[in-house]
Amino acid sequence: GASSYGIVLISSISTISDEGVIEKPKEFKSDLKFYLIGLMFFLNIGIGISLLSNLTQLSLDKGLSLELAVGLVAIVGIANTVGRLVYSAISEIIGGLLTLNLIAILQTIALLLIQFEVTWEVGVVIVISVYGGMFAIMPSFLKTLYSTTTAYSRILIVWGVSGLIVPSLFSTYGISLLAIMSSIINLVMSKRKIYLSI
């Protein structure tokens, strides 16, 4: 499941070599912005994995037939792919930080739609689209922000850890806790003016 996936990913990341990469450690390892972005990435990836791995059962629990549940799984698969393309294009126009802001806001709204069962299917599609979108923009965004690919290789560790932790939170506490966490992270980023810092 997701836990095994996280363990494999962390093991793989530990073998990444920095050879040939010009690293500027003070530009990201001592930067609060890097860790807040990592926290956002942690939650975004974990939420996406949690919903993808539980979507069929969640759909059945919401009263959808098996056929409609399978259809929704297919739709979110498309949303994942389209999200990577759309948010990458948006990032090229308005920049990575503002795109992260957009993703965080959409993610929080979508989680609330799911939590309060207000067109929750739309909420699921939005969540998966921003899941794909954040993963797509992160490499070039961090490269632009810190002028080194090492920042991205480091933040990928967050992906593995998220795959271990967030699905467990989802299974235990449901979508409500993830919605609260998403709101808090978005608030902190906004208060710190992270989105407008470059």
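This report describes the fold, helix packing and selected side-chain contacts of a predicted model.

## Basis of the description

Because the model is predicted, local features are reported at pLDDT of at least 70 and side-chain atom pairs count only at pLDDT 80 or more, while totals for chains, interfaces and linings use all residues. Residues are numbered from 1 along each chain as its sequence is written, and side-chain values rest on heavy atoms, with hydrogens and water left out.

## Overall fold

The protein chain has seven helices and zero strands, where helices (H or I, at least four residues) and strands (E, at least two) are DSSP runs numbered from the N terminus. Along the sequence the pattern reads α-α-α-α-α-α-α.

Of the 198 residues, 45% count as buried, a term that means under 20% relative accessible area, with exposed meaning over 50% and partly exposed in between (1.4 Å probe, protein chains only). Among contacts (heavy atoms within 4.5 Å) between residues at least 6 apart in sequence, 79% join residues at least 24 apart.

Helix H4 (residues 96–115) packs against H5 at an angle of about 160°, with their axes 8 Å apart; axes are lines fitted to C-alpha atoms, for helices over the stretch in contact, and angles run from 0 to 180 degrees between N-to-C directions. H4 is therefore roughly antiparallel to H5, given that angles under 35 degrees count as roughly parallel, over 145 as roughly antiparallel, 65 to 115 as roughly perpendicular and the rest as oblique. Residues making this contact include Leu100, Ile103 and Leu111 of H4 and Val127, Val130 and Met134 of H5.

Helix H3 (residues 66–94) and H4 have axes that come within 7 Å and cross at roughly 135°, so H3 and H4 are oblique to each other. On the H3 side the contact is made by Tyr87, Ile90, Ser91 and Ile94, and on the H4 side by Gly96, Leu98, Thr99, Leu102, Ile103 and Leu106.

## Aromatic pairs

A search of the whole structure finds four aromatic pairs, counted when rings of Phe, Tyr and Trp (its six-membered ring) have centres within 6.5 Å, with planes under 30 degrees apart called stacked, over 60 edge-to-face and the rest tilted. The rings of phenylalanine 34 and tyrosine 35 are edge-to-face, because their centres are 5.3 Å apart and their planes stand at 85°. Phenylalanine 34 is buried, with a relative accessible area of 8%, whereas tyrosine 35 is partly exposed at 44%. Ring pairs join Phe34, Tyr35 and Tyr146 into a cluster.

The rings of phenylalanine 41 and phenylalanine 135 form a stacked pair, with centres 6.4 Å apart and planes at 10°. This pair links distant parts of the chain, since phenylalanine 41 belongs to helix H2 (residues 32–61) and phenylalanine 135 to helix H5 (residues 120–146), 94 residues apart. Both phenylalanine 41 and phenylalanine 135 are buried.

Serine 59 lies in helix H2 and is buried, with a relative accessible area of 0%. Leaving aside residues up to four places away in sequence, serine 59 touches Leu64, Ala69, Leu72 and Trp120. The ring of tryptophan 120 also has the charged end of lysine 62 sitting over it, 5.8 Å from its centre, a description that requires NZ of Lys or CZ of Arg within 6 Å of the ring centre and within 35 degrees of the ring normal.

Valine 161, in helix H6 (residues 150–173), is partly exposed, with a relative accessible area of 29%. Valine 161 and isoleucine 45 are 116 residues apart in sequence, and their C-alpha atoms are 9.9 Å apart in space.
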